[in-house]
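Good morning, everyone. Please take a look at the sequence and the model on the screen.

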Amino acid sequence: IPEKNFFINAYSSQDKENAGTFVKISLIGPEDPAPREIKISDSCYFDMFLPQISEYSNRIWVSAQRKNDEGRCVPAFIFSDDFGESWTIKELALPDKPEVFYPHKDVRWDHGSGTEPYVAELSKNKMMMIIRTPTDFFYQSFSYDGGDTWTYMEPSVFHGTDTTAYLLKLSDGRTVAFW
């Protein structure tokens, strides 16, 4: 977050001695030889996108996913309101497993309809998460309180199956979805 002279990166490690999800924080930048490392969770979240900061507050977030005990991918919104000192993880409820309808012969793949969640801030306190699924549509979820709570995932109007979707907020306030 260069405009704040603050650099942060999130990652997971499956190292048996220190597994979990972490952030590295630096006031210098990516070249910092000794960034501060903070553990967010003992669980490994993966497919994390670059951290973003709210246009309206100091909230920093990453979106990611975690495999649950059933092997399904659970989308998560991970955020900090104190520049990375402490973190909160909000996992979204998974929809039912997809049903197969003609002309499809089988589900393409199934990671629990929660893979590669991407979050964009649409306006003050309104956020949208878009998620890749094995169906013909990306799924979506909305938050109206800056990410504290999320609506149940439902199919969006965007067709797509085997690719990651992104949301980009333009300078005029419109949001573009692309994949």
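A word on the source. This is a predicted model: local features need pLDDT of at least 70, side-chain atom pairs count only at pLDDT 80 or more, and totals for chains, interfaces and linings use all residues. Residues are numbered from 1 along each chain as its sequence is written, and side-chain values use heavy atoms, with hydrogens and water left out.

Rings first. A pair of aromatic rings is described by the distance of the centres and the angle of the planes. Rings of Phe, Tyr and Trp (its six-membered ring) pair if their centres lie within 6.5 Å; planes under 30 degrees apart count as stacked, over 60 as edge-to-face and the rest as tilted. How many aromatic pairs does this rule give? The count is 12. Take Tyr11 and Phe22. Their ring centres are 5.5 Å apart and their planes sit at 20°, so this pair is stacked. Tyr11 is in strand β1 (residues 7-13) and Phe22 in strand β2 (residues 20-26), so the pair links distant parts of the chain, 11 residues apart. Strands here are DSSP runs (E, at least two residues), numbered from the N terminus.

Buried or exposed? Buried means under 20% relative accessible area, exposed over 50%, and partly exposed in between, with a 1.4 Å probe and protein chains only. Tyr11 has 23%, so Tyr11 is partly exposed. Phe22 has 4%, so Phe22 is buried. There is also a cluster: ring pairs link Phe49, Tyr118, Tyr166 and Phe178.

Next, salt bridges. The term means a side-chain nitrogen of Lys or Arg within 4 Å of a carboxyl oxygen of Asp or Glu. The whole structure holds 8 of them.

One joins Lys169 and Glu55, with the closest N and O atoms 3.1 Å apart. Lys169 is in strand β12 (residues 166-169), and Glu55 is in the loop between β4 (52-53) and β5 (60-67). The two are 114 residues apart. Lys169 is partly exposed at 25%, while Glu55 is exposed at 56%.

Another joins Asp148 and Arg59, at 3.2 Å from N to O. Asp148 is in the loop between β10 (137-143) and β11 (154-159), and Arg59 is in the loop between β4 and β5. They are 89 residues apart. Asp148 is partly exposed at 31%, and Arg59 is buried at 9%.

A further one joins Arg132 and Glu116, with the closest N and O atoms 2.8 Å apart. Arg132 is in strand β9 (residues 126-132) and Glu116 in strand β8 (residues 115-123), so this pair ties together parts 16 residues apart in sequence. Arg132 is buried at 11%, and Glu116 is buried at 14%. Shared partners also make a network: salt bridges join Arg59, Asp81 and Asp148.

Last, the sheet. Which strands form it, and in what order? The open sheet has 4 strands, in the order β8-β9-β10-β11, with antiparallel pairing. Two strands pair if DSSP finds at least two bridges between them. At the edges are β8 and β11, each pairing on one side only. Neighbouring strands are turned by 35° against each other on average, direction ignored. The angle is between axes, which are lines fitted to C-alpha atoms; angles run from 0 to 180 degrees between N-to-C directions. Between β10 and β11 there are 3 bridges, in the antiparallel sense. Look at Gln140: its bridge partner in β11 is Glu154.
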